Amino acid sequence: MADARKRPPGEALVELRRRLSLLSPRDPGRTEIVARAAEAYGISVWTMYRALREFNRPKSVRRSDHGASRVAPQPQMERYAEIVAALKRVGVPVTVHEPDIYLSVPLDAHVQLGNQRIRAKPPSMSIS
């Protein structure tokens with residue numbers, strides 16, 4: 001039985017997809033092409049079809065930590081402070097960076113010309 005994590009390389013999937021696109025969807029040669037490719041990589045035909053299906057699947061638009069606070073909890077911040085203090089005690093130069101970062105959450109942006117209101121889109125990473 002093939003390793004469950006084994007996948008063909010991306011270049012092979014691109015080439016396989018190109019070869020399959022030259023044939024009609026119901027061409028019996030498609031099955032043969034996929035079977036030969038699966039055999040070449042030591043995986044099942046179903047694993048090859050799954051790899052083809054998942055190869056260009058769009059990724060989630062949301063971050064994996066969506067909805068979770070991005071601020072470190074108090075105990076973790078205290079631990080960081082202890083590490084910085086210990087490094088300074090032994091003479092290691094320490095610089096703690098605190099950048100000013102603007103999260104782009106545009107509110108209502110527009111230009112008002114007399115009684116005419118023109119909608120606008122604020123540039124990314126700007127102050128709303």
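Author: Begin with a term. Helices are DSSP runs of at least four residues, numbered from the N terminus. This is a predicted model. Glutamate 82 and arginine 79 both lie in helix H4, three residues apart, about one turn of the helix.

Reader: Why does a spacing of three or four places matter in a helix?

Author: An α-helix has 3.6 residues a turn, so residues three or four places apart point the same way. Side chains of opposite charge can pair when their charged atoms come close. Here, glutamate 82 forms a salt bridge with arginine 79, with the closest N and O atoms 3.4 Å apart.

Reader: How many salt bridges does the structure hold?

Author: Three. One joins glutamate 15 to arginine 18, at 2.7 Å between the closest N and O atoms. They sit three residues apart in helix H1 (residues 10-21), so about one helical turn separates them. Another joins the side chains of glutamate 32 and arginine 36, at 3.3 Å from N to O. These two are four residues apart in helix H2 (residues 29-40), again about one helical turn.

Reader: Which residue shows the buried case?

Author: Take threonine 47, in helix H3 (residues 45-55). Its relative accessibility is 13%, so threonine 47 counts as buried. Its side chain makes a polar contact with the side chain of serine 44, at 2.8 Å. Leaving out residues up to four places away in sequence, threonine 47 touches Lys6 and Arg7.

Reader: Which residues make the nonpolar surface patch?

Author: Met77, Tyr80, Ile83, Leu87, Val90 and Val92, with a patch area of about 520 Å². Tyrosine 80 lies in helix H4. At 42% relative accessibility, tyrosine 80 is partly exposed.

Reader: What about the whole chain?

Author: The chain has four helices and two strands. Along the sequence the pattern is α-α-α-α-β-β. Buried residues make up 12% of its 128 residues. The accessible surface is about 11,200 Å², and 56% of that belongs to carbon and sulfur atoms.

Notes. Residues numbered from 1 in each chain as written. Predicted model: local features only at pLDDT ≥ 70, side-chain atom pairs only at ≥ 80, totals over all residues. Heavy atoms only, no water. Buried < 20%, exposed > 50% of the residue type's maximum accessible area, 1.4 Å probe, protein only. Polar contact = N/O pair within 3.5 Å; in protein donor to acceptor, adjacent residues only side chain to side chain. Contact = heavy atoms within 4.5 Å. Patch = residues over 30% accessible without salt bridge, like charges linked within 9 Å, V, L, I, M, F, W, Y side chains within 5 Å. Areas by Shrake-Rupley, 256 points an atom, 1.4 Å probe, with all protein chains shown as cover. Salt bridge = Lys/Arg side-chain N within 4 Å of Asp/Glu carboxyl O.
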